[in-house]
Amino acid sequence: MKPLAEYQQALLDRLTDPARPRAGVVASVAGGGVRRVIESYLDDVSSNGALTLVVCPTRGLVEQWADRLKARERTAVTVLDSTEAAFRLLEGSPEQTGQVLLTTYHRAIHGPGSLALSELNFELIVHDHPLRDIPERVYSLNSRARYLIALVDQQSMGFWSDWPLLANIASEDIARELGHPILVDVQYRSSVEERMLRNEIIRLLQEYASRRELPLALSSDSRPALHASLMNLAAAGSDLDGAQNKGGADVSDLSQRAWTLLDRIENSPDPDPRLHALDSVLDRQLADGARCFVLASRIDDTRYIADHLANTGRAPRGVLTVAIPAAERRSILESLEPGQSVVASYGVCELLDVWPPNSVVISWPSPGNLRLRGVLATIDEASGVRFFQLKESKSLPHEGAS
C-alpha cells in the first residue's frame, strides 16, 4: 500500500497522540485523502477490540466506507442499513469484537437503528461531512463516545464549530506533495447578507438531498449555480403538485421555499464580490501580456463570467466547454494572443497537452476545487503555468475594521 503523504502522516500522528482532545475537526479540501488516514486509525482502534461508529449523510457515502474498509481486510464492518441489521446488532455484542458500524443520519435517529445505537458505547464516532443541523438524538450519541471526529469542508459550520482543529488540509498541501504548481489565493469578501442567503439556499438543497437520501451534488455555490439549482427544485415541486418524487419524498413544501429564495437572489442589491476579485487579478495579468484561462465548474458560471467580461469591455477570445467541437476549441486556443483571455470549463483544460507560453489560470470558486486539482495533476512546476484561485475570506466584512 502506498505510504501516507507527509501531511496525512501528521494527521495520523495527531489522532494517535494520547494528549489529543476528545472532540476534534479535520477540515480538508476534496482529494486530501482524509478518509484513508481515518481508515488507518480505525485499524488500530479495532485491533484493540473497540467499537467505532461512522455516520454519513447519504447511503452512497456509507457504501464507499464499507467497500474501502472491507478491502483492507483488517476490520469487521457492519452496515446498519435495514431493520434486520439493527436487530442483529441488538442481539450481539459488537463492543467486544472491534467492529466498525456504518449508518446514515436518518437511520441513526429513526426506527430500530436508533434503538440499537442507543444501547452501545463507542471508542470513536466519526461524523463524515455531517449535516449542519442534526437532531438532539444524534447529540446524545456523541455523549456515548470516548472520542469524536468531524470530517468537514474548510468553510463548513455546524455543531462541530467549537471543536478544536486537528488538521486543516489545503490545496497547497496536496500540490506540494505531488510536485504540482502552488496556488495563489485571491481573496474576496462577501457581505453578511449574501453569506446568510447563500447558506440558507445550501441548507434547503441539503434538506432536499437528505429527504431523498442522495448526496448534495454542489459543484459551485456561485449566484448563477445556486439560482439554477433553486429553479430545478422549484420546478420539481411545482410539477409534482404535492406528489412524491422518484426518491419517495414529498418536496412540494421545499418548492415553495425555493421560489421565495429565488426572489431574494434575483433582487439582491449587492454586487458580486467574486467578479470584483476576478477583475483585479485578470486585469493585472492581461496587462503583463499573459494568456489567461478563467476556469469554472459549471456552464452556468462560464456564461456568467463571459457576459460580465463582455459588458465591461474585456470580452474573452472564446467560451470553451466540452460541448464545443474539439477542432473549434483547438482553433481558439492556438489563436490566443498575449493579453487575451478565454473562459473555459475545467474539463477542457484537463485535456490540454501543451499550454501556450506565459499561461495563467484563474480558478472560479467551487466547493473543494476538485476539478482544479484535476487540471493541476496534468502539469508540473516546470511548465511555467501560474495558478490563481478566487477564495472567500473567512472573516466577516466588519472584522478587523478600526
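Visitor: Leaving aside its neighbours within four places in sequence, which residues is Leu102 in contact with?

Guide: This is a predicted model, in which local features need pLDDT of at least 70 and side-chain atom pairs count only at pLDDT 80 or more, while totals for chains, interfaces and linings use all residues. Residues are numbered from 1 along each chain as its sequence is written, and side-chain values use heavy atoms, with hydrogens and water left out. With contact taken as heavy atoms within 4.5 Å, and neighbours within four places in sequence set aside, the partners of Leu102 are Val54, Val62, Trp65, Ala66, Leu69, Val77, Thr78, Val79 and Leu80.

Visitor: How many residues does the largest nonpolar core have?

Guide: A nonpolar core is a set of buried Ala, Val, Leu, Ile, Met, Phe, Trp, Tyr and Cys residues joined through side-chain atoms within 4.5 Å, where buried means under 20% relative accessible area, exposed over 50% and partly exposed in between (1.4 Å probe, protein chains only). In the largest such core, Ile38, Trp65 and Leu102 have the most contacts inside it, and its residue count is 33.

Visitor: Which element gives the most to this core?

Guide: Helices (H or I, at least four residues) and strands (E, at least two) are DSSP runs numbered from the N terminus. Among the elements that give two or more residues are helix H1 (6-16), helix H2 (34-47), helix H3 (59-72) and strand S4 (99-104). With 6 residues, the element that gives the most is H2.

Visitor: What is the angle between the planes of Phe159 and Trp160?

Guide: Rings of Phe, Tyr and Trp (its six-membered ring) pair if their centres lie within 6.5 Å, with planes under 30 degrees apart counted as stacked, over 60 as edge-to-face and the rest as tilted. The whole structure holds 3 aromatic pairs. Phe159 and Trp160 form an edge-to-face one, 5.1 Å centre to centre, with an angle between the planes of 85°.

Visitor: How many residues apart are Tyr304 and Trp364?

Guide: These two also form an edge-to-face pair, at 6.2 Å centre to centre and 70° between the planes. Tyr304 is partly exposed, with a relative accessible area of 23%, whereas Trp364 counts as buried at 1%. The pair links distant parts of the chain, since Tyr304 lies in helix H13 (residues 299-311) and Trp364 in the loop between strand S12 (359-363) and helix H16 (370-376), and the separation in residues is 60.
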